[in-house]
Amino acid sequence: MNRRDFSAAVGGVLASAAAGVPVAALAQAKQPQEGIDYITLDKRVPVDASQGKVEVLEFFWYGCPHCNAFEPRFEPWVKRQAADVVVKRVPVAFRDDFVPHQRLYYTLEALGKVDQLHPKVYHAVHMEHQAVNREDLILAWAGKQGLDAAQFKELYNSFSVASKVRRATQLQNAYKVQGVPSIGVAGRWYTDGTLAGSMDRLLQVTDWLVADARKTR
């Protein structure tokens with residue numbers, strides 16, 4: 001979903017959801033071209049991954065239908081990555097009303113519930129059409145998931161979650177994110193479905209960039 005689309009009705013120009021592509025298949029895929037399939041950042045972004053690791057960031061928004069479609073395919077891709085690849089999700093905020101979703105994600109992270117409940121947020125928003133976009137509505141949803149309401153509210157409004165929200169927005173700006181879902185690799189490259197041409201191609205390009213990062217780290 002392109003950034004400009006967020007000021008209008010929910011629509012989109014991105015193509016179908018992506019499937020993970022085995023590394024062996026890369027030899028048969030067309031090599032990505034800089035400026036067409038991906039962009040090299042003019043200023044490197046500091047990475048949080050330890051030395052020798054390749055950091056991959058997925059930029060997303062719970063309200064984006066393309067992110068919802070991408071997630072079931074992205075998760076298997078994450079699970080098959082080698083130990084030297086560190087994958088992190090980064091919730092974006094193209095508008096102020098995206099911030100509750102940022103706080104929701106980082107609260108789930110603080111509770112160690114991302115694996116369990118991250119997909120359920122997407123399901124609530126896109127399948128059940130729940131308006132999980134304000135603190136009171138988020139707290140009500142969390143309670144239905146069996147989470148302690150007081151603990152959730154405390155974390156949701158905590159300094160640590162607020163700090164992660166600020167960091168997420170800094171990363172979004174540093175990578176010059178134009179739409180979601182999109183991928184940042186090693187603090188050096190950015191790609192999304194529009195650049196790559198499709199969501200399938202997006203993960204192929206990401207595999208190429210990860211391989212390139214290994215060569216030059």
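Select helix H1, residues 65–79, and helix H8, residues 199–216. Helices here are DSSP runs of H or I with at least four residues, numbered from the N terminus. This is a predicted model, where local features need pLDDT of at least 70, side-chain atom pairs count only at pLDDT 80 or more, and totals for chains, interfaces and linings use all residues. Residues are numbered from 1 along each chain as its sequence is written, and side-chain values use heavy atoms, with hydrogens and water left out.

Look along the two axes. H1 and H8 pack at about 25°, and their axes lie 11 Å apart. Axes are lines fitted to C-alpha atoms over the stretch in contact, and angles run from 0 to 180 degrees between N-to-C directions. H1 and H8 are therefore roughly parallel (an angle under 35 degrees).

Next, show the side chains between them. From H1, pick Phe70, Arg73, Phe74 and Trp77. From H8, pick Met199, Leu202, Leu203, Thr206 and Asp207. These residues make the contact, meaning heavy atoms within 4.5 Å. What kinds of residue form the contact of H1 with H8? Six are nonpolar, one is polar and two are charged.

Now select Cys64 and Cys67. A disulfide needs a pair of cysteine sulfur atoms within 2.5 Å. The count is zero disulfides.

Are Cys64 and Cys67 buried or exposed? Cys64 has 0% relative accessibility, so Cys64 counts as buried (under 20% relative accessible area, with a 1.4 Å probe and protein chains only). Cys67, also at 0%, counts as buried too.

How values were computed. Helices (H or I, at least four residues) and strands (E, at least two) are DSSP runs, numbered from the N terminus. Angles under 35 degrees count as roughly parallel, over 145 as roughly antiparallel, 65 to 115 as roughly perpendicular and the rest as oblique. Ala, Val, Leu, Ile, Met, Phe, Trp, Tyr, Cys and Pro count as nonpolar, Asp, Glu, Lys and Arg as charged, and the others, Gly among them, as polar. Buried means under 20% relative accessible area, exposed over 50%, partly exposed in between (1.4 Å probe, protein chains only).
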